[in-house]
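Let's walk through this structure together, one question at a time. Have the sequence and the 3D view ready, and follow along as we go.

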Amino acid sequence: MLNFTHLKKTSTLAFSLSFAMPTIAAENNDNEKYNDVMTVTAHEATKKPGSKTEISEQDIRRDGGTNFGTLMRYQPLISAPGNISGSGSGKSSWDRGGFTGYNIRGLDANRVSIDIDGMPLPIAQGRVNSVGRAGFGTYGIGRDYIDTYMYNNVDIQSGATSVSNANNALGGSVSFQTKTASYYLYPGKTSYFGYQNNYDSTDRSYHQGLTMAGGDDDLNGILVLSRRDGQQGRNHGDSINNYPENWHSNSLLAGFGWQINSEHLFNTTIDYSTKTKNAHYNTWDKYGKKIESLDHQKSKNNRFNLAFKDQWKPTNISWIDTLTTQINYQQTHVYDNTDLKHISRGNFNTQTHYNTKTYNFITTLLKSYDNQKISAGLNAKWGKDESPFYTSAKSQYGNFFPDGDYTKPQADSRSYQLGGFVEDRISFNINNSNNFYLVPGARAIYQNTKPQHLENMRVTNINANQLGKQYSSNSDFKILPSLSFMYDITPNFTTYLQYKRGAQMPNQNQLYGSYLAHSQMYVLVGDSNLKTETSDNFELGLKGQPTAGITLSTAAFYNKYKNFIAYSRYKKNFVGVGNRIVYQSENRDKAYIYGAELSSEFNIGTWFESVNGLSARFAIGYNQGKSKSSYLGDKYIEMDTIAPLKSTIGLAWDDPNQYYGFALTTTFQKGKKTDGTTRETYNNDGKPIKDSTDDYFRIAGHGIIDLTGYVNITKNVKLSGGIYNLTDQKYWDYLSNNKLYKTSNYKYLEMFTAPGRTFQLGMDIDF
């Protein structure tokens, strides 16, 4: 049964209903039939190749997307891996919990671009500075800087990003579009007021959101406020609960649009978000067999962004239809302050920071000419990263590391990127009905990254000049071609074949990270000479409406990768520490990933009028991927970032008069066990690599059922909610827990279970 003690905070909803009563009383006829007001912003329908997913504000509300992870709840090959505070498996006591980023088709973290209105979010920070080789491929600071209430739309590209995307990445992109006044206003409606509150029992979080917009086509503005308060997320452990924490977040967005004249539309936006957390937890050893420390962490992160955007439609320049230019400034700050009570090392304090400043410029030109749609653009990005670090821990190996076991996780750095693209969509008419499209394109990228303030990293044995020989600037230039063919099977149903070249430039953590950090006296270090990771991506797909009442998107893909960056072990002389075991990042692996996905929706009422309002949706995603290192005797091994087969089946009923609606959605995911590898312990001494003896915990398959629904009390007031994991299924998420060991303490394993039965309840007031 549901634990209704968690309903105590929902009493606030009753208070909120008092705001709705005057609205209800003002209705002239309680039995009047009414429909939700839907605002449609018209855009030219331009067919594009590739797999693209759009999550609207309505989808976020309907599916209970209250945070970075649940936003992707029903996506077949998109998910948000995460970690809980205090977990082991390569996590230090002072790394934070939370979502590390998004996983799209088997690539995750920094290989997937995340941006807000075109401004990229900071990279995820690796853990190796604090836990040595056990932390390879894991992240101590993630990329969760968002509040889902602040966005009208989320656009997702799967696979290597398109040439028109200034934020190129190998795995795809997730782009959040902030709310704008024009989304809520239209001719005849010059004001909008929206209030939302919601309670989610998963983390006992309570949310209040306010949106106000006003104006007309010439001048309009918007103000959005959001507040969230919550506690630790729930698990389904029978013997151990998640460790206690409480958190609070505030988000603010203000913007206005000004139609300066018939040619220029100007928009500006300021948004600010901050989140604080207070947590108590235990940190276990990496095998999950014993507790190593009892910890208390206070953490905070904030993000500030200022954006200016101009859309120019000149009337006297024939070669420009539209020229859109935007400039952004972003500043982020992450701060964690952790007091540790270590079982063997005593009490000490650690403070970590990750601060960024970024300027971003993007301009895009569009021109239609006869049977061609030409787009071209330029972009530039300049940024600085800083990672101040402090610990009071005493060194266990004072003879080798008199300054302590850990230094800064990475050198300060500045980087800039210049890019440009051109793409042409050429259409050909066949039999005066069916269209064939040829879409060639190319993007050029130059990136330069340079370490700064190396004097802040100096230690007793190594000065800044010596560091300068190890850490130097890195730059690269790439041209990324793209070619697509599309054919309209029907005017609303298109097939395509696409090739894209992808690239991922080395980031600051890979170039300059982990200097002198170690585990059992290993030295870990970045490499300034890293090459760019590259990919070749092939995709065949169908999308559109094959017939009335059916919407379909399906794709099969094959991607091949070179120069994947990982850590290799050497025994060599290293500046300041002599002959020692050194782990250094290098372009070590090659890989391939293939798979297929399908998403579909069926409006059954289109075919049977008697069940008008009944609909169904079905989605399924499958991918396989293997990687192989350059080590002698190595073989292709399944990548641990590849999610197992997942499918979603949903059945929904929406009353034709929009009084109410409900949906039953079932999600199935196949089980999987991670394949072990000795690549992280290989001596690199010319002998063949040996097979791994690591035995990981098998993540069992599972099936969960969600029941969601809504009731329109009036045309302005809606109650909505859902019960998730209706059958209280006990399961683990594979991508978040693929490195748990089979031999771990069962209490430890239970700590990582997903939530059992939970619920959400919320109310929306819209005028």
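This is a predicted model: local features need pLDDT of at least 70, side-chain atom pairs count only at pLDDT 80 or more; totals for chains, interfaces and linings use all residues.

Q: What is the phi of A109, which is not a glycine?
A: Most residues other than glycine have a negative phi. A109 is not a glycine, yet its phi is positive, at about 50°.

Q: Which loop holds R105, and is R105 buried or exposed?
A: R105 also has a positive phi, near 50°, in a residue other than glycine. The loop that holds R105 runs between β5 (103-104) and β6 (113-116). With the cut-off for buried at under 20%, the 2% relative accessibility of R105 makes it buried.

Q: Which side chain makes a polar contact with the side chain of T350?
A: T350 sits in strand β19 (residues 346-369), and it is buried, with a relative accessible area of 0%. Leaving aside neighbours within four places in sequence, the residues in contact with T350 include W94, D336, F389 and T391. The polar contact, at 3.3 Å, is with the side chain of T391.

Q: Is D488 buried or exposed, and which side chain lies 2.8 Å from the side chain of D488 in a polar contact?
A: D488 belongs to strand β24 (residues 474-490), and its relative accessible area of 3% makes it buried. Its side chain makes a polar contact with the side chain of Y437 at 2.9 Å. The polar contact at 2.8 Å is with the side chain of T494.

Q: Where is D218 found, and which residues is D218 in contact with, leaving aside its neighbours within four places in sequence?
A: D218 is in the loop between β13 (205-215) and β14 (219-231). At 49% relative accessibility it counts as partly exposed, since exposed means over 50%. Leaving aside those sequence neighbours, D218 is in contact with G257, W258 and Q259.

Q: How far apart in space are D218 and Y139, C-alpha to C-alpha?
A: In sequence, D218 and Y139 are 79 residues apart. In space, their C-alpha to C-alpha distance is 46 Å.

Q: Which strand supplies the largest share of the nonpolar patch?
A: The patch on the surface is formed by Y660, F662, L664, L707, V711 and L719, with about 480 Å² of accessible area together. At least two of its residues come from each of β33 (660-669) and β34 (702-712). F662, found in strand β33, is partly exposed, with a relative accessible area of 45%. The largest share, three residues, comes from β33.

Q: How many aromatic pairs does the count come to, and why is the pair of F256 and F266 tilted?
A: The count comes to 27 aromatic pairs. The rings of F256 and F266 have centres 6.3 Å apart and planes at 55°, so this pair is tilted. F256 lies in strand β15 (residues 245-259) and F266 in strand β16 (residues 264-284), so the pair ties together parts that are ten residues apart in sequence.

Q: Which residues form one aromatic cluster with F304?
A: Let's finish with this group of rings. The cluster that includes F304 is formed with Y329, Y359 and W382.

Technical notes:
Residues are numbered from 1 along each chain as its sequence is written. Side-chain values use heavy atoms; hydrogens and water are left out. Helices (H or I, at least four residues) and strands (E, at least two) are DSSP runs, numbered from the N terminus. Buried means under 20% relative accessible area, exposed over 50%, partly exposed in between (1.4 Å probe, protein chains only). A polar contact is a pair of N or O atoms within 3.5 Å; within protein, one must be able to donate a hydrogen and the other to accept it, and residues adjacent in sequence count only if both atoms are side-chain atoms. Contact means heavy atoms within 4.5 Å. Patches are made of residues with over 30% relative accessible area and no salt bridge: like charges are joined within 9 Å, nonpolar side chains (Val, Leu, Ile, Met, Phe, Trp, Tyr) within 5 Å. Accessible areas come from the Shrake-Rupley method with a 1.4 Å probe; for residues, only the protein chains shown count as cover. A salt bridge is a side-chain nitrogen of Lys or Arg within 4 Å of a carboxyl oxygen of Asp or Glu. Rings of Phe, Tyr and Trp (its six-membered ring) pair if their centres lie within 6.5 Å; planes under 30 degrees apart count as stacked, over 60 as edge-to-face and the rest as tilted.
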